[in-house]
Amino acid sequence: MNLPRFNDLRAACDFCGVVPPDSLIAGQLIRTPTLSHRRSKNGYIRIFSDGAAIVGNWENGLEAFYSDKSGKTLSRQERAELRRQSEQRRRETERELKTVREGICQRLNVFFGADYGAYPTVSMEWQGTARHPYLEKKHVEPTETMYECRRENFEAYFGKDYQRLPEGRLLVFPLINTTGDLISAQFIAEDGSKYFLRNGQTKGAFWQATFLPIDRGAPFKIHIAEGVATLLSVLQQSETLSGVFISCMNAGNIKPVAKAMREAYPATEIVMYADVDKPRDGHRYGVGIEKAQEAQAEVANLRILAPKFNDSDIQRFKAITGSDKAPTDWNDYYRIWEARQ
């Protein structure tokens, strides 16, 4: 193992730029904050049965080996110097990533605007193309801001070696920020597999289901869903809702998107259509509710709406989907509702 070796856990953590944990438990992977982002969990410590550990930092890519049998310790001055170097590497990495993302945004704009790039799903249906299998499976309709491509279309603008996407028809969702800048994209394959654009910015990015806000005569609100199918179900089934309809694309992005929308719309109510995932061990709620509640704690005037499923609903859902998967979101809720009619 060619990693730097330390017999002082704090020195190993300082080298990598992570916060030492309060305790070590053999056989576990402990997530820990980094010195640069103390609210994150981007540091990690993997503990072995003999008490040795691998310390690492996903932000700067640094790793170190810790064992009380290693022979290297650091002085206070040396640890301070390591922190300085780690911070310098972090800034350099951020500058490099910014340059990469600027290039990605330029290619994305061309990709969505070119004849052989991504093309609107709605126009394909107008020309007689069958609905994309993912939309068919989820019982939802395309909107004007949804696109399609094939792998060769993507490779024509990003290169064959940039990111490997599956064959077949790919739904493409342009991800924007609150100023309307195109900053990334998500692809959904025919089997429902999802792929974020490599090196694209995802934190605070979202897909907006329509170009303009919807006015149905009801109070204007910000409607946020975790996934695309959930958002489309809410948009299509709730015919009296007005406002902006967006998908934050994953649970970890709920709070960044909610905070960004609160800044853009200071007085507007935000409604979060949360998923009811199965709780992890030791947790009261699943990750969808947990992340929604974290956002609610920091974002004023945010309301959480979560679907409720009884035993009959669960059995009906399994019957119509032909699987053992339990319902979790509003798309599932409306699928069950349709089956009752």
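**Overall build and main pocket**

Ten helices and 15 strands make up the secondary structure of the protein. The model is a predicted one, so the picture below is read off computed coordinates. Computed along the principal axes, the C-alpha trace spans about 70 × 50 × 45 Å. Of the 341 residues in the chain, 47% count as buried. As for how the chain meets itself, residues 24 or more positions apart supply 57% of the contacts with a separation of 6 or more.

The charged side chains number 47 positive and 44 negative, with the centres of the two sets 5 Å apart.

Then there is the matter of pockets. The largest pocket has a volume of about 1300 Å³, and 30 residues line it. Lying nearest the centre of this pocket are His37, Ser40, Asn42, Glu59 and Lys203. Three helices, α2 (76-113), α7 (254-264) and α8 (287-298), are the elements that each give two or more residues to the lining. Of these, α2 has the largest share, with five lining residues.

Conventions: Residues are numbered from 1 along each chain as its sequence is written. This is a predicted model: local features need pLDDT of at least 70, side-chain atom pairs count only at pLDDT 80 or more; totals for chains, interfaces and linings use all residues. Side-chain values use heavy atoms; hydrogens and water are left out. Helices (H or I, at least four residues) and strands (E, at least two) are DSSP runs, numbered from the N terminus. Buried means under 20% relative accessible area, exposed over 50%, partly exposed in between (1.4 Å probe, protein chains only). Contact means heavy atoms within 4.5 Å. Lys and Arg count as positive and Asp and Glu as negative; His and the chain ends are not counted. The place of a charge is taken as NZ of Lys, CZ of Arg, CG of Asp or CD of Glu. On a 1 Å grid over the protein atoms alone, a cavity is a set of points where a 1.4 Å probe fits but cannot get out, and a pocket is an open set with protein on both sides within 12 Å along at least five of seven lines; lining residues have an atom within 4 Å of a point. Grid points are joined across faces, edges and corners, and a volume is the space filled by probe spheres set on the points.
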